[in-house]
Amino acid sequence: MKRTILILASAIAITSCASAPVTINYYMLPAATQKHNVVTKPVPSLLIEHIELSDYLTQPGLVLQTSPNKMHISKSNLWAERLDRALPKALQNSLHQRSDQYSYHLNHPAHTRQPDLRVRLRVDSLHPTTDGLVIASGRYQLTMAKTQNKPIIKYFYFERTLDDDGYEASVKEMDILIDLIAQDILHTVQTHFTVSD
């Protein structure tokens, strides 16, 4: 009898563990939630025309690179807002915070003004690795709207070392990497264009 009760108790314990709900965590890029100062003086405009992500970054789950050729997409650690929507806002915010030489706009129907500069961004990687790094890589293209000059194409690669484990720490480092991309874009703008162009 005791053996039957023990077997039954074990079966109930296993069943309850198997049916326990999985905790789902949602994350947002910190910069995407911040407000920026409104530019009141007339300045040239820079339009974030398009941001293209690698296919694996468009998944709702956060990505972890577990080997040089293997990615793990989490089913319980998800983006609160799709990365293809959050990333342009985070980049716009970082640009605003770093420089008031331009007004920065996202590409949507409400934006009708012809921009002075356009930037198109391709993000190939934006994720942590099991080696304790968070990496961002890709390229961007800057075009001056009023001239026939060829677009400037620049490749980037940034990495940060994780001080803490977990997706939350990784997302904070991703925010810093996005700010580094914004800094790089502004450096390229200052090197190749002048405000009076």
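Which residues have the most contacts inside the largest nonpolar core? Select L29, L91, L126 and I185: those are the ones, in a core of 46 residues. A nonpolar core here is a set of buried Ala, Val, Leu, Ile, Met, Phe, Trp, Tyr and Cys residues joined through side-chain atoms within 4.5 Å, with buried meaning under 20% relative accessible area (1.4 Å probe, protein chains only).

A quick note before going on: this is a predicted model, where local features need pLDDT of at least 70, side-chain atom pairs count only at pLDDT 80 or more, and totals for chains, interfaces and linings use all residues. Residues are numbered from 1 along each chain as its sequence is written, and side-chain values use heavy atoms, leaving out hydrogens and water.

Next, color α3 (167-192), which brings the largest share of that core, 11 residues. Helices (H or I, at least four residues) and strands (E, at least two) are DSSP runs, numbered from the N terminus. Zoom in on I185: beyond residues up to four places away in sequence, it touches L91, L95, V119, Y140 and L142 (contact means heavy atoms within 4.5 Å).

Now show the open three-strand sheet, ordered β1-β4-β3 with mixed pairing; two strands pair if DSSP finds at least two bridges between them. β1 (25-27) and β3 are at the edges with a single partner strand each, so one side of each has no neighbour in the sheet. Pick Y26 and you'll find its bridge partner L78 in β4; β1 and β4 (residues 70-79) run parallel over three bridges.

Methods
Buried < 20%, exposed > 50% of the residue type's maximum accessible area, 1.4 Å probe, protein only.
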